[in-house]
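Open the model in a viewer and keep the sequence panel beside it. The stops below say what to select and what is there.

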Amino acid sequence: MTKPLIDIRGVSKRFGAAMAPAVKGLSTTIGPGKITGLVGPDGSGKTTLLRMMAGLLLPDEGTISVGGHDTRESAASLRRDIAYMPQRFGLYEDLSVLENLRLYADLRDLSKSERENRFKLLLRFTGLEAFTGRLAGRLSGGMKQKLGLACALVTTPKLLLLDEPSVGVDPISRKELWRMTLELAGQGIGIVWSTAYLDEAEKCTDVLLMSGGKLLYQGAPANLTKRVEGQTFAIRNIQTDRRAVLANLMGYDHILDGDIRGHNVHFLVETGGASPLLLDQLGAGKGAHVVATEPRFEDAFIALLGGAASGRSPFMDRSERPHNGDDTVIDAAALTRKFGDFVAADQVSFQVNRGQVFGLIGPNGAGKSTTFKMLCGLLKPTSGTARVAGLDLRNAPSMVRGRIGYMAQGFSLYGDLSVQQNLDFFAGVYGLSGKHAKMAVARMIEIFALQDYLTTRSIELSLGYKRRLALACSVMHEPDILFLDEPTSGVDPKTRREFWGHINALVTRGVTIIVTTHFLDEAEYCDRVALINLGKIIAAGEPDTLKAEVRTAELSNPSLEDAFIAIIERAAQEVAA
Amino acid sequence: MRPNSRRIFGLARKETWQIVRDPSSIIIAAFLPLTLLFLFGYGVTFDPRHYDIGLVVEQPTPETGSFTASLINSSYFQVETARHLQDLEDKMVAGELKGIVVLRADFSRQAFRGDTAPLQILVDGTDANTAELIRSYVQALWASWLRQELLSNGVDFRPPIVLEPRLWFNPEASSKNYLVPGSVAIIMTMIGALLTALVVAREWERGTMEALLTTPIGRWELLLGKLAPYFVLGMISMVLSVATAIWLFEVPFRGSFLLLAMISAVFMWASLGLGLFISTISPNQLIAAQISILSAFLPAFYFSNFVFEIDSMPVALQWVSYIVPAKYFVSTLQTLFLVGNVPELIALDTAVIGLIGLVFFGLTVRKTRMRLE
C-alpha cells in the first residue's frame, strides 16, 4: 500500500453557529496517481472539503495533511505541492492567454529557461496554441476551462484539485478535459475532481460520496453500482403518455426512483422489492412491458441517498382548466440574429405544439440563448419571425405576455429579499392581487415546500432551493407557455428529478415547455430536441431517433451525449471537407 | 519566507496590464483629476463677482447721483435702481436681488453730519456668507465715498485709523490659488483609496483571489505586487495635476519640487494603505466604493481646510480632523505652492502622514487574509 497523498482525520467545519456543519467528523485517505471523484447532492460539503484540502479554509476540528504537509502548520510548503482550479477557473479576463500563463509561472517561480518548454507543452496539451494572444474573457467556456487547467499546471503539482470543472462547459470540451486529466493521473499526479455530474463520477477510479457533510461511500464507483444490481428496470413500448406513467409509478412506495429516457421510463425498486408491477395500473397501454436493465452509477447514488423525492407533483392533482389542443404554439421561422459580423443565430426554424417539451441543445455560445431571447421578445431578430401563441412577443399586449412564464439562466431573483417577498413581488408583477395573489403564493409555498424558508434571504438558499423558488416565481400565474433557460445546470440528480416531476405534471395539463440546456440528461425529458451548433440547427427530432442515428457496432447503446458529439463532429467534418 | 522578486514583479506586471486595459482605472487616474481641477480652477470660486442688488433713491440729488455712480462703478455689484422700495421688494423675495440699498429722501442732508446713517442696507440672509459680503462691501464703499466727498469739499477728514491691507502669499486674494493645490490632495486621496479598494475587492468578487491564494505567494509579496503599480499611477496623476495647476491655472509654485515629490510619495502610501484596508473589509466592489467615498473622499473634503475652515468647526469635529491625512497634505501643498519651503511645517506634516500610513498598513497586514476566512 502506497503512502496516502491526502490524509484527512476527523475533520469538521461549520460556518456560523446557527448553521448545520458543512462537514462533520470526516476521515479518509486519498492516494496518488488516480482520479478521485467528489460527489454528492448540492450543499453536501464538496466545495468546503476541497477548499480545506487546498488550505483555503482551516478545519474547526481535525487535521488535513497533503503530501505530509499539514494545511494549518505548513501552508507555504503545501502551496508548492498543490494546484487548485476554482469554480470560475481563476482567470484574469482582461489578460491574454499567454499573460495569464506568465502570471502563474511568476507566482510559482518558474525560471525563464524552463518556461518556454513548459508553455509549449501546456499549450499543445490544451489546444490553445492558436489563441495565445486572445484575452481570456473572449474565450468560450470550454477554452477558459482548459486555460484554467494550464495555469494550474505551470509547475507539475503532486495534487490537482478541480472544483466542478465542467459546469457551464459543453460535452465536447468535457470529453477533452477528461482525456487531459487521465493523462495527468498517468503521470502520477493525484487528482480530486468535484462534480455534480454522475457520468463523470462513474469514470473516476474512486469516488467519495458525500451527503450532509458526511462520507456515505468511498471506493470504486462500479462497486457501488453493483449494490443495486437487479433493482433497475425499464418500461418499454409505452403507448400512452409516458409522463403520466412515470407519475403513476412514483406513487408506489417501493419505487425509489424513476425517470424518462427517450420513449422509455426507467425505474429503481427497493432492495428485495422487485415485485412485479401491474402494468395496466400504470396506464401504459397494451403491449408495454417491463425489462430488467443494467444499473447505472446514478441509480446507486440515488438509492444510497434514500431515493428520489417520491410521490406526485401537486400540480398533477389540481383540477384546473387543462390546455388542450394540438395547435402550433411556438413558431420560429428563419430566425437570424447578427452582432456585427458575428452570426449568433442563422436561419433557425422550428415549431412546437401545445403540450410538448421542446429542447434547444448545444455547446456554450452555439446560439441557444440568442434564439431563446428572440422568442421571448427580449431581442430583435435581424431577419425572420418568432411567433408565440400567434403573436410577436416584442409588441404583444401585456395580456398575452401574462400567458408566458420565463425562468432565466442563473440566479435572477432578488437576493436580498426573502423567499416570501420574492413570491409576493412576482405575484404583483404578473398582475395578481388581493385574494388571488395570496392564494397563488400559498399554493407555490405548498407545492415547492418553501414553508421553512419563507424568511430566508433568497441569496442564502442552496442552489436546489434557488431553482425551486425561481420555478415557483415563473409558474405562479399559471402560464400556458413556459420558457426555461438552463433550468437545472449544476444541480444534483435528486433535485433535478424533483424539478422535472413538476415540469412533467405541468405538461400533462397542457402547458408547453421550451427549454435550453447543454446538459444532455435533461434533454432526455424532451419530446423533441434541436441540436444547435455555430448558430445553426444541425439536427432535430425525438431524442431516441437522434440516438438511433449514431448507433454503431462498438456503440450499441449510445447516450444522447454520444449522439450529440457524433453529430457535431460529423458537421465539423462536412465543413472541413 | 523571503519575499521573491519574481512573484512581486509578476503580480505588478499583471496589475499594470489590468490598469492599462481597464478604462475605469484610466478614468479615475486621469479624467477625474482633470475634471476636479477644472471644477475648482474655473467653476468654484469664493471671490466676489457681481452681486445683483437694488438701489432705491427716494430723492435724487447730486450726492445720491455720485454715490450711485460709485456703486455702479465698483466691480462687485450689478445695480438696479428704483424710486420706491416696493418696486424692488418682490424681486428680492424672488431671489433675483441679493440686497437692496435704500438712500432716504434726506440722504444729502444727513450724509455729512456723521451722527446718523442716511442709508439702509437690506440683505437676503439665506446665504449668510453672501449677505455678510454684501454688507461689508457696501459699508466699505460708503466709507470711501464719504471720504472722497469730504475731501473734494475741502474738509480735511481724517478717520482715526487708515487701513491699508497687504495680502501676503496670495496678493490677488484669488481663491483659485489655494483651491487648486487643495484639490490635488483630494485627487490623490481618491486615487489611492478608491482605486486600490476596488481592485482588491474585484479579485474577491471574480474568484481570482481564490486561485491566487493557492499559489506560494506570501503576504508581503501580495501587498507589494498589488501596491507598486498603483503607487506609480498615483504619482503620475500627481504630476499631471501639479503641471495643470502651474501651467494652466497659473498658480504660483514657490517651494521645491523635490520636497513636493517626497511628501506626495508619503501621502500616496498612506492613501494606498487606507485603500487596501478598505478592500480587506469589503466583500464586494460596490461596498468598497461606498466605504472609500465615505471614509476617504468626504473626510478629505471636509476636514482638510480645503473648503471648510476647521477652526470654525465644533471642537469634537476639530479632533476628528487630526486623523485625516489630507489635512496635513493640504497644508503642506498650500505652503509649497504659495509660501515656499517651510521646513519645520513640512517635516511635521510629513511625519504625521507617515504615521497615519503606518497605522493603516499595520492594520492591513494583520487583516489581509491568506485564506478564505
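Select helix H3 (residues 97-107) and helix H4 (residues 112-126) of chain A: the two pack at an angle of about 130°, with their axes 12 Å apart. Axes are lines fitted to C-alpha atoms, for helices over the stretch in contact, and angles run from 0 to 180 degrees between N-to-C directions. The angle makes H3(A) oblique to H4(A); under 35 degrees counts as roughly parallel, over 145 as roughly antiparallel, 65 to 115 as roughly perpendicular and the rest as oblique. Helices (H or I, at least four residues) and strands (E, at least two) are DSSP runs, numbered from the N terminus.

This is a predicted model, in which local features need pLDDT of at least 70 and side-chain atom pairs count only at pLDDT 80 or more, while totals for chains, interfaces and linings use all residues. Residues are numbered from 1 along each chain as its sequence is written, chains are lettered from A and ligands numbered from 1 in the order in which they are written, and side-chain values use heavy atoms, with hydrogens and water left out.

Stay on this pair and show side chains. A:Val97, A:Leu98, A:Leu101, A:Arg102, A:Ala105 and A:Asp106 of H3(A) meet A:Arg115, A:Phe119, A:Leu122 and A:Leu123 of H4(A), where contact means heavy atoms within 4.5 Å. By class, the contact of H3(A) with H4(A) has seven nonpolar, no polar and three charged residues. Ala, Val, Leu, Ile, Met, Phe, Trp, Tyr, Cys and Pro count as nonpolar, Asp, Glu, Lys and Arg as charged, and the others, Gly among them, as polar. H3(A) and H4(A) cross in a right-handed sense; a crossing is right-handed if the near helix is turned clockwise from the far one by less than a right angle, and left-handed if anticlockwise.

Next, select H4(A) alone. Its 15 residues should span 21 Å at 1.5 Å a residue, and the end C-alpha atoms are 21 Å apart, which agrees; the expected span is 1.5 Å times one less than the number of residues. Colour by accessibility: the buried residues of H4(A) are A:Arg115, A:Arg118, A:Phe119, A:Leu122, A:Leu123, A:Phe125 and A:Thr126. Buried means under 20% relative accessible area, exposed over 50%, partly exposed in between (1.4 Å probe, protein chains only). What do the buried residues of H4(A) pack against? In chain A they pack against H3, helix H5 (141-152) and helix H6 (171-186), and in chain B against helix H1 (5-21). A:Gly127 follows H4(A) and has a positive phi, near 70°.

Move to chain B and select helix H9 (residues 219-248) with helix H10 (residues 257-281). The axes of H9(B) and H10(B) come within 9 Å and cross at roughly 135°, so the two helices are oblique to each other. The crossing is right-handed. Residues of H9(B) in this contact include B:Tyr230, B:Phe231, B:Gly234 and B:Met238, and those of H10(B) include B:Ser264, B:Met268 and B:Trp269. The contact of H9(B) with H10(B) divides into 16 nonpolar, two polar and no charged residues.

H9(B) passes H14(B) in a right-handed crossing. B:Arg219, B:Trp220, B:Leu223 and B:Leu227 of H9(B) make the contact with B:Phe361, B:Thr364, B:Val365 and B:Arg366 of H14(B). Five of the contact residues are nonpolar, one is polar and two are charged.

Return to chain A and select helix H17 (residues 493-508). Is H17(A) largely enclosed or largely exposed? 13 of the 16 residues of H17(A) are buried, so the helix is largely enclosed by the rest of the structure. Just after H17(A), A:Gly510 takes a positive phi of about 100°. A:Arg509 is found in the loop between H17 and strand S21 (512-517) of chain A, and at 10% relative accessibility A:Arg509 counts as buried.

A:Leu282 is found in helix H10 (residues 279-282) of chain A and is buried, with a relative accessible area of 1%. Not counting residues up to four places away in sequence, A:Leu282 touches A:Ile235, A:Val245, A:Asn248, A:Leu249 and A:Tyr252. Finally, select A:Gln451, in the loop between helix H15 (434-447) and helix H16 (463-475) of chain A. A:Gln451 is exposed, with a relative accessible area of 53%.
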